[in-house]
Amino acid sequence: MSIRDRAWFPIIYMFVITLLLSAVLILFGSATRQRVKNNERIAYERAVIQSLPIDLPARLSTSQIHQIYITNVYDTTEASAGALRYIKHDTLVGYALPIQGPGFWAPIKGVIGIAADGKTITGVSFYEQNETPGLGGEITKMEFREQFVGKQISQSGMPVQFRAATDPLDENSVHAITGATQTSNRLSRFLNEQLAIWRERITARQ
Amino acid sequence: MIAQKKTGDVILTAVWGDNPVFRQILGICSALAVTNLVLNTIVMGTAVMFTTALSGLTVSLLRKWTPRIIRMMVEVLVIAFYVILFDRALKAYWPDMSRNLGPYVGLIITNCIIMGRAEAFANANPPGLSFVDGFFSGLGYALILLCVAVIRELLGMGTLLGIPIPFFSSALWDRWIIMVMPPGAFFTLAVIVWLARTVQRSKQVTSGGNK
């Protein structure tokens with residue numbers, strides 16, 4: 001009776017194969033762990049500096065992003081009400097408020113930049129989203145994001161209104177994405193909710 | 001297997017005669033999900049080729065030792081191993097693409113093409129030939145996905161690989177938004193399957209037909 005005909009052979013065989021393959025995966029996983037963590041961190045830092053009024057070159061290397069981030073961006077304090085602070089020559093120039101909420105397919109995470117006056121938006125950027133490419137995915141594109149620059153957070157009601165592409169805009173509103181109503185509505189909901197909370201907290205401090 | 005298969009025949013069968021997508025209608029889920037941008041599709045196709053080729057090779061190498069009763073467990077394990085390897089490599093070295101593809105790379109594990117090749121071919125054929133079969137089955141799949149993606153991105157967004165294409169990106173072309181949405185994939189795929197089968201059939205008729 002050869003070893004392969006024994007009743008226990010399939011169990012041992014499966015065990016050995018699993019052990020070998022898992023060992024390789026665990027090794028590869030731990031070898032790249034730091035790298036993956038850095039990638040996530042850099043995506044976040046890039047979104048933060050993109051939301052702030054900082055002149056950025058078109059192509060940014062990972063180390064440049066990190067360098068710009070650590071020289072300009074400071075942690076949140078009581079007074080900044082949960083937003084990161086952008087400090088230049090020892091003066092507070094702006095805030096970067098991380099926001100997140102449900103998208104159409106998966107959570108959307110981003111950052112909204114606000115000038116030191118607590119009212120003027122300096123930019124919006126997203127570092128995590130899984131919306132339909134070409135539709136909801138357009139929230140990551142320049143055309144959508146740059147609309148926010150210079151808009152005022154209205155001091156009562158909805159901070160920023162999302163309007164249909166055919167409607168005229170004022171200083172508190174931006175155009176939603178045509179064909180991506182769900183993404184626009186959900187983004188508008190959580191962005192405004194979180195911005196309204198921040199607006200209350202920051203005006204209470206000022 | 002009665003006689004040794006010829007490598008050329010294996011390639012032709014894998015890519016055309018028995019093409020996984022339009023002949024066997026396998027792996028449709030991802031064919032629909034990731035084909036609205038050409039670049040995403042290329043990476044997805046590469047991931048499938050990588051997995052079918054190497055899992056074919058591995059399953060074939062183990063085939064004389066693997067007990068028949070647990071062979072499917074072993075096949076799934078081997079497939080999952082290569083998929084996770086690819087997914088992790090993307091996460092570490094191409095994070096933007098990894099974010100674009102989201103969960104779809106991981107879902108390659110359940111792609112029936114790969115399991116199908118392991119069961120139908122690699123189990124009974126030598127490693128080299130299994131590698132070739134897996135690679136070209138993956139390629140046959142990737143090529144169809146690419147056709148779908150080119151049509152969808154061009155009609156839906158007016159671009160290819162993100163580069164605006166004259167006419168399609170101009171105001172003359174009203175972008176077909178439905179093409180980048182899931183239904184666009186169904187329409188496109190159906191038309192491609194129809195065309196490919198029509199061509200195959202007309203060839204069989206002119207050559208006397210073997211069916």
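Mentor: UniProt positions are given in the numbering used here, feature names are shortened, and annotations may be inferred rather than shown by experiment. Please also bear in mind that this is a predicted model.

Trainee: At which residues of chain B does UniProt place the feature "transmembrane region"?

Mentor: The feature comes from an unreviewed UniProt entry. In chain B, that entry places "transmembrane region" at residues 42–62, 69–89, 101–118, 130–151 and 176–196.

Trainee: What percentage of the span 101–118 of chain B is helix?

Mentor: The end C-alpha atoms of this span lie 25 Å apart, and its strand content is 0%. For residues 42–62 of chain B, the end C-alpha atoms lie 30 Å apart and the span is 100% helix. For residues 101–118 of chain B, the helix content is 44%.

Trainee: Is helix 1 of chain B roughly parallel or roughly antiparallel to helix 7 of chain B?

Mentor: Helix 1 (residues 7–17) and helix 7 (residues 127–157) of chain B pack with their axes 8 Å apart, at an angle of about 25 degrees. Angles under 35 degrees count as roughly parallel. Helix 1 of chain B is therefore, relative to helix 7 of chain B, roughly parallel.

Trainee: How many residues of the contact of helix 1 of chain B with helix 7 of chain B are nonpolar?

Mentor: Helix 1 of chain B contributes residues including B:Val10 and B:Ile11, and helix 7 of chain B contributes residues including B:Asp133 and B:Phe136. The contact has 1 charged residue and 3 polar ones, while the nonpolar residues number 8.

Conventions: Residues are numbered from 1 along each chain as its sequence is written. Chains are lettered from A and ligands numbered from 1 in the order in which they are written. This is a predicted model: local features need pLDDT of at least 70, side-chain atom pairs count only at pLDDT 80 or more; totals for chains, interfaces and linings use all residues. Axes are lines fitted to C-alpha atoms, for helices over the stretch in contact, and angles run from 0 to 180 degrees between N-to-C directions. Helices (H or I, at least four residues) and strands (E, at least two) are DSSP runs, numbered from the N terminus. Angles under 35 degrees count as roughly parallel, over 145 as roughly antiparallel, 65 to 115 as roughly perpendicular and the rest as oblique. Two residues are in contact if their C-beta atoms, placed from the backbone, lie within 7 Å. Ala, Val, Leu, Ile, Met, Phe, Trp, Tyr, Cys and Pro count as nonpolar, Asp, Glu, Lys and Arg as charged, and the others, Gly among them, as polar.
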